[in-house]
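Let's take a friendly walk through a protein structure together. Have a look at the sequence and the 3D view, and then read on.

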Amino acid sequence: MKKDHRKLRKRPLFTPLLAPILGAVIVIMLVGLLWTAQGTTTVILVRNAESGVGNNGESRLTDTGVYRARALAGWLGQSGLSRIYVADYPPAESTAGPVAEATGAELVKIPADDIDAVLDAVGRLRGENVLIVWERSTLPQIIQGLSGSQVEIGEKDHSGLYIVTDSFLTRARLLELRYGG
């Protein structure tokens with residue numbers, strides 16, 4: 001007895017391949033997400049803490065500035081910082097010092113007016129957490145260079161904390177916070 005094959009439903013040729021192809025796409029997407037997470041660089045930027053002129057005529061942190069620098073160190077103590085880029089400027093160095101002690105991060109001094117050096121140094125990083133402590137006049141330019149966002153920092157504003165995250169698959173994002181009272 002001969003079977004009537006005309007009544008059997010015909011399957012498209014790719015049906016047996018659908019599950020392996022779909023599985024491969026899911027695996028590629030998961031690997032991409034993991035790769036992106038490993039490649040995300042987080043940059044925390046702050047202005048130097050409050051400063052004044054000391055007895056010897058050199059800029060130094062005020063009592064409020066010392067408090068703010070310690071608060072920053074407490075805030076970032078467990079942040080996994082690998083490096084701190086600091087303007088070669090005494091108040092910035094004094095602000096970064098307690099953070100370097102608390103985190104064990106390498107402290108890298110850069111001339112305060114060399115914005116390109118900061119942007120180049122951060123641009124070479126992948127998957128690290130870094131802190132930039134800079135002066136008010138050029139910090140907004142560094143933030144814009146890293147994130148594309150413009151910020152204004154007032155003359156007396158020392159509490160701004162800016163976080164820029166950058167990964168392979170997404171554009172840089174900026175988060176603005178306040179710290180130290």
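This is a predicted model: local features need pLDDT of at least 70, side-chain atom pairs count only at pLDDT 80 or more; totals for chains, interfaces and linings use all residues.

## Contacts along the chain

The secondary structure comes to 5 helices and 8 strands. Starting from the N terminus, the order of elements is α-β-β-β-α-β-α-β-α-β-α-β-β.

## Inside and outside

How many of the residues count as buried? Of the 181 residues in the protein, the share is 38%.

You can find Val-25 in helix α1, which covers residues 15-38. Val-25 counts as partly exposed because its relative accessibility is 41%, and partly exposed residues fall between the 20% limit for buried and the 50% limit for exposed.

## The nonpolar core

Now look inside. The largest nonpolar core has 41 residues, and Leu-45, Ile-84, Leu-131 and Ile-132 touch the most other members. Several elements give two or more residues to this core: the strands β1 (41-47), β4 (81-87), β6 (129-134) and β7 (160-166), together with the helices α2 (63-76), α3 (90-103), α4 (115-123) and α5 (139-147).

Leaving out residues up to four places away in sequence, Ile-84 touches Ala-96, Val-99, Ala-100, Thr-103, Ala-105, Glu-106, Leu-107, Val-108, Leu-131 and Val-133. Leu-131, one of these neighbours, is also named among the core residues that touch the most other members.

Which of its residues are buried? They include Ile-115, Val-118, Ala-121 and Val-122. These four sit on the same side of α4, because they cover an arc of only 130 degrees around the axis.

On the other side of α4, Asp-116 and Gly-123 are exposed. The buried residues of α4 pack against β1, β4, β5 (106-110), β6 and α5.

Not counting residues up to four places away in sequence, Asn-48 touches Tyr-89, Pro-91, Ala-92, Thr-95, Val-133, Trp-134, Glu-135, Arg-136 and His-158.

Asp-114 is found in the loop between β5 and α4. With a relative accessible area of 31%, Asp-114 is partly exposed. The C-alpha atoms of Asp-114 and Asp-88 are separated by 9.9 Å, and the two residues are 26 apart along the chain.

## Salt bridges

The count of salt bridges comes to 8. One of them joins Arg-83 and Glu-106, whose closest N and O atoms are 3.6 Å apart. This pair links distant parts of the chain, with Arg-83 in strand β4 and Glu-106 in strand β5, 23 residues apart. Both partners are partly exposed: Arg-83 has a relative accessible area of 22%, and Glu-106 has one of 46%.

Another salt bridge is formed by Arg-136 and Glu-155, with 3.2 Å between the closest N and O atoms. Arg-136 lies in the loop between β6 and α5, and Glu-155 in the loop between α5 and β7, so the pair ties together parts that are 19 residues apart in sequence. Arg-136 is partly exposed at 29% relative accessibility, whereas Glu-155 is exposed at 55%. The side chains of Glu-176 and Arg-178 also meet in a salt bridge, at 3.1 Å from N to O. Glu-176, at 40% relative accessibility, is partly exposed, and Arg-178 is partly exposed at 45%. Finally, salt bridges that share partners join Arg-83, Glu-106 and Glu-128 into one network.

Note on methods:
Residues are numbered from 1 along each chain as its sequence is written. Side-chain values use heavy atoms; hydrogens and water are left out. Buried means under 20% relative accessible area, exposed over 50%, partly exposed in between (1.4 Å probe, protein chains only). A nonpolar core is a set of buried Ala, Val, Leu, Ile, Met, Phe, Trp, Tyr and Cys residues joined through side-chain atoms within 4.5 Å. Contact means heavy atoms within 4.5 Å. The arc is that of the directions from the helix axis to the C-beta atoms. A salt bridge is a side-chain nitrogen of Lys or Arg within 4 Å of a carboxyl oxygen of Asp or Glu.
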